[in-house]
Amino acid sequence: MVSKDKNVHGRRSFLRGAAGALGVGLWSDQVLEALPQNVNTNSKPSDLRITDLRVLVLARAPMTSPIIRIDTNQGIYGLGEVRDGASKNYALMLKSRIMGENPCNVDKVFRKIKQFGGHSRQAGGVCGVEMALWDLAGKAYNVPVHQMLGGKFRDKIRCYCDTPQVRDPKAFGLRMKERREQGFTWLKMDLGVDLVAQIPGTVTMPLGTNLAYGNNTQHMFTGMEITDKGIELLCNYVALVREGAGMDVPISADHFGHIGVNSCIRLGKALTKYNLSWLEDMIPWQYPELLKKIADSVDIPLATGEDIYLKESFIELCRSHAVDIIQPDLATSGGILETKKIGDAAQEFGVPMALHMAGTPIAAMASVHCAAATENFLVMENHSVDIPWWSDLVEGVEKPILNKGFITVPDKPGLGITLNEAVVKQHLGEPGYFEPTPDWTRDRSNDRLWS
Ligand SMILES: [Mg+2]
């Protein structure tokens, strides 16, 4: 690690010197001779090769997130993050597939490994590797990731933050007001039937079952429906939250509970007057026709996407206008470039893209570069406003990373961050800091998908 860092610093100080020479409009013979030599030592992109993939696991940052480091034959390395809650093995099993590849060929390597991803957490390894490839390509060519995607549409990324649910709506409204005062320009709340289910006559469900039964049963199959009384109580809750937060700030709502399609429609209609900015994942994304039925009946935007892998399903949702807003998590949707493609495709149908994000600063900065470079970007999630050490996990960017509701898009090469080893070591979810992974170096398998 130490020798690698020295190498990087040596190159950077040279480049600063070279830029200084450019600044006065002159390249000395000495600089001209030194240039190819310096590119050669640390950044000869055509000869860059992947030599290792290692992991560590962070806990409560805000979730459990494996962090990966891809090493190369030229001393530079790339950082990536496996989706929160996913196994580090999703990344490790890709090591044998990417060894010896040139990480600058991001799309080529992504297409090689994308068959090993799936929806939700199953995509964690592929997306984490993709982020690390972009970090490496940026370091190799000395440009930030957003520049390689086509440049920026914005210098700061608007964020909303989650605010833990409180049963007392007045107390929750005050917490939302505090978020405004912290600078947030977009708010989000959970609005589940669990807020009212303890009151008799609010939710009907098969006798002998409870809300927990719904946790692992998709909404349409629980037999759980909300009553008019339940809807009225949830509307009263939102009214008081609006009183605290104000009517002029966007508030999105999520986690309604696993109620049926008709309950979603009745609840959505009743909520219209509170002008919520989106209703998230009212039912699973795998049922676009049912989503469209809700979207066509309710005059509040519908959103989905945090569990979808690859652009194809997003494009279908946008083409049929089954939802009004798509919300990929780029640690699931296919990484940085695939998510930009998702945003650009959605734009063709007039659909904006919000970004789901519940990870560490690594996934956050990967999302920031994508959000900067995607025109129809709306707002990005953050779950870590109340974690004091979250920004300290990394170095190289403005602190706090999320400042007054916005994240500044970094201009440093790659993702623009390095790990703060001391802070990371204080928050490991399992022992080990990028330990060797020799068991994952080789794997015999014919991975061809066609004959
Ligand atoms: Mg959600």
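How many bridges do S2 and S3 pair over, and is the sense parallel or antiparallel? Hi everyone, let's start there: S2 and S3 pair in the antiparallel sense, over five bridges. Two strands count as paired here if DSSP finds at least two bridges between them. The element names come from DSSP runs, numbered from the N terminus: helices are H or I runs of at least four residues, and strands are E runs of at least two.

A word on the model before we go on. It is a predicted model, in which local features need pLDDT of at least 70 and side-chain atom pairs count only at pLDDT 80 or more, while totals for chains, interfaces and linings use all residues. Residues are numbered from 1 along each chain as its sequence is written. As you know, pLDDT is the predictor's confidence in each residue, from 0 to 100. The chain has a mean pLDDT of 91, with 90% of its residues at 70 or more. Residues 1-27 are below 50, and beyond near neighbours in sequence that stretch has 20 contacts in the model. Residues 31-41 are also below 50, and this stretch has eight contacts beyond near neighbours in sequence. A contact means that the C-beta atoms of two residues, placed from the backbone, lie within 7 Å.

Back to the sheet. It is open, with three strands in the order S1-S2-S3 and antiparallel pairing. S1 and S3 (77-81) are at the edges with a single partner strand each, so one side of each has no neighbour in the sheet. From one strand to the next, the twist averages 20°. S1, residues 50-58, pairs with S2, residues 65-72, over eight bridges. Arg-54 has Arg-69 in S2 as its bridge partner, and Ile-70 has Gly-78 in S3. As a reminder, side chains in a regular strand alternate between the two faces of the sheet.

Do look at the hairpin of S1 and S2. Six residues lie between the strands, and Arg-60 there takes a positive phi near 55°. Then the peptide bond from Ala-61 to Pro-62 is cis, with omega near 0°, and Pro-62 sits in that loop between S1 and S2.

What lies across S2 and S3? That is H6, running at about 150° to S3. For these angles, axes are lines fitted to C-alpha atoms, for helices over the stretch in contact, and the values run from 0 to 180 degrees between N-to-C directions.

H6 (residues 124-141) also packs with H5 (residues 106-113), at about 165° and with the axes 10 Å apart. The two helices are therefore roughly antiparallel; the classes are under 35 degrees for roughly parallel, over 145 for roughly antiparallel, 65 to 115 for roughly perpendicular, and oblique for the rest. H5 passes H6 in a right-handed crossing, meaning that the near helix is turned clockwise from the far one by less than a right angle, with anticlockwise being left-handed. On the H5 side we have Val-106, Val-109, Phe-110 and Ile-113, and the residues they meet in H6 include Leu-133 and Trp-134. This contact has nine nonpolar residues, no polar ones and one charged. Nonpolar covers Ala, Val, Leu, Ile, Met, Phe, Trp, Tyr, Cys and Pro; charged is Asp, Glu, Lys and Arg; the others, Gly among them, are polar.

Among the contact residues are Phe-172, Gly-173 and Met-176 of H8, with Tyr-237, Leu-240 and Gly-244 of H10. By class, there are eight nonpolar, two polar and four charged residues. For H10 and H11, the axes come within 10 Å, crossing at roughly 35°. Ile-231, Leu-234, Cys-235 and Val-238 of H10 meet Arg-266, Leu-267, Ala-270 and Leu-271 of H11. That contact divides into seven nonpolar, no polar and one charged.

His-255 is not a glycine, yet has a positive phi of about 60°; its place is the loop between S8 (251-254) and H11 (261-271).

Last, strand S4. S4 (residues 156-161) pairs with S16 (residues 406-408) in the antiparallel sense over three bridges, with Ile-157 opposite Ile-407. S4 also pairs with S13 (residues 377-382), this time in the parallel sense, over three bridges; there, Cys-161 has Asn-382 as its bridge partner. Thanks, everyone!
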